[in-house]
Amino acid sequence: MRLPRLSHPLHRSSPGVGAFTLLEMVMSIGIIAIFLSVVMTTTVIAQRSYHLVRDNDDLSRQIRQAKQELEEALRSADMVLEATDSPASITLLCGIGEDATNIISFIHDPEESILLKVTEKTNITPLLKNCEQIRFSLLQREYEPLSTNTAALLLPPLLPHTLSSCQAVELYWFCRKYWDEEKSRPSAEQSGQLLVRLRN
């Protein structure tokens, strides 16, 4: 029996025409993966930059407020009642003459990395967080006898002294914030010092 002849002969489709080949699919997946990795890397970098700026701004704001509080207290202080190194603390007597009854203390808690302001022994205010180091130095000007070789406007240097003779206080601080709770990767660090003369 003879099969009828087809008017249009069958043509085999050549490979790769009208459909994805395996190679094209692998290349497409590779391009998409590269694009996604670039997007993810950019996002991570942007997020880290944001955290760095935020943490530095936060530390700067805290330090500004703490400096203002300390300067106001030191400039209004008549004398230093107490000062210790470990933990770093200073207690000031503020006021004038018989009214000098306002006692203000600044105490560093190294375990919590925080500087506290204590007034009237009951009112405790966190002044500076993420504060790893604080140091108070008591200073007094050391005057020498006047001679013909001494310049008239030359101020004598400030040297360490005791509580009763303290004329100025120098404060040094070091603050640091971290990415993680384990405190293994710092995200922001700031340090500085402040020298304030007492009112006496």
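Buried means under 20% relative accessible area, exposed over 50%, and partly exposed in between, with a 1.4 Å probe and protein chains only. The model is predicted, so local features need pLDDT of at least 70 and side-chain atom pairs count only at pLDDT 80 or more, while totals for chains, interfaces and linings use all residues. Residues are numbered from 1 along each chain as its sequence is written, and side-chain values use heavy atoms, with hydrogens and water left out.

**Exercise 1. Salt bridges**

Task: State how many salt bridges there are, and work through the pair of Lys117 and Glu69.

Solution. 
1. The criterion is a side-chain nitrogen of Lys or Arg within 4 Å of a carboxyl oxygen of Asp or Glu. By this rule there are eight salt bridges.
2. In the bridge between Lys117 and Glu69, the closest N and O atoms are 2.6 Å apart.
3. Lys117 lies in strand β4 (residues 114-119) and Glu69 in helix α1, so the pair ties together parts that are 48 residues apart in sequence. Helices (H or I, at least four residues) and strands (E, at least two) are DSSP runs, numbered from the N terminus.
4. Glu69 is partly exposed at 29% relative accessibility, and Lys117 is buried at 18%.

**Exercise 2. The cavity**

Task: Give the volume of the largest cavity and describe its lining by class.

Solution. 
1. On a 1 Å grid over the protein atoms alone, a cavity is a set of points where a 1.4 Å probe fits but cannot get out; a pocket is an open set with protein on both sides within 12 Å along at least five of seven lines; lining residues have an atom within 4 Å of a point.
2. The search of the whole structure finds one cavity of 30 Å³ or more. The largest cavity has a volume of about 40 Å³, a volume being the space filled by probe spheres set on the points.
3. Its lining residues include Ile63, Lys67, Leu115 and Trp173. Helix α1 gives the largest share, four residues.
4. By class the lining has eight nonpolar, no polar and one charged residues. Here Ala, Val, Leu, Ile, Met, Phe, Trp, Tyr, Cys and Pro count as nonpolar, Asp, Glu, Lys and Arg as charged, and the others, Gly among them, as polar.

**Exercise 3. The second largest pocket**

Task: Describe the lining of the second largest pocket by class and find the element with the largest share.

Solution. 
1. The volume of the second largest pocket is about 160 Å³.
2. Among its lining residues are Glu111, Asn130, Arg176, Tyr178 and Lys183.
3. The lining has two nonpolar, two polar and eight charged residues.
4. Strand β8 (residues 168-178) contributes the largest share, three residues.
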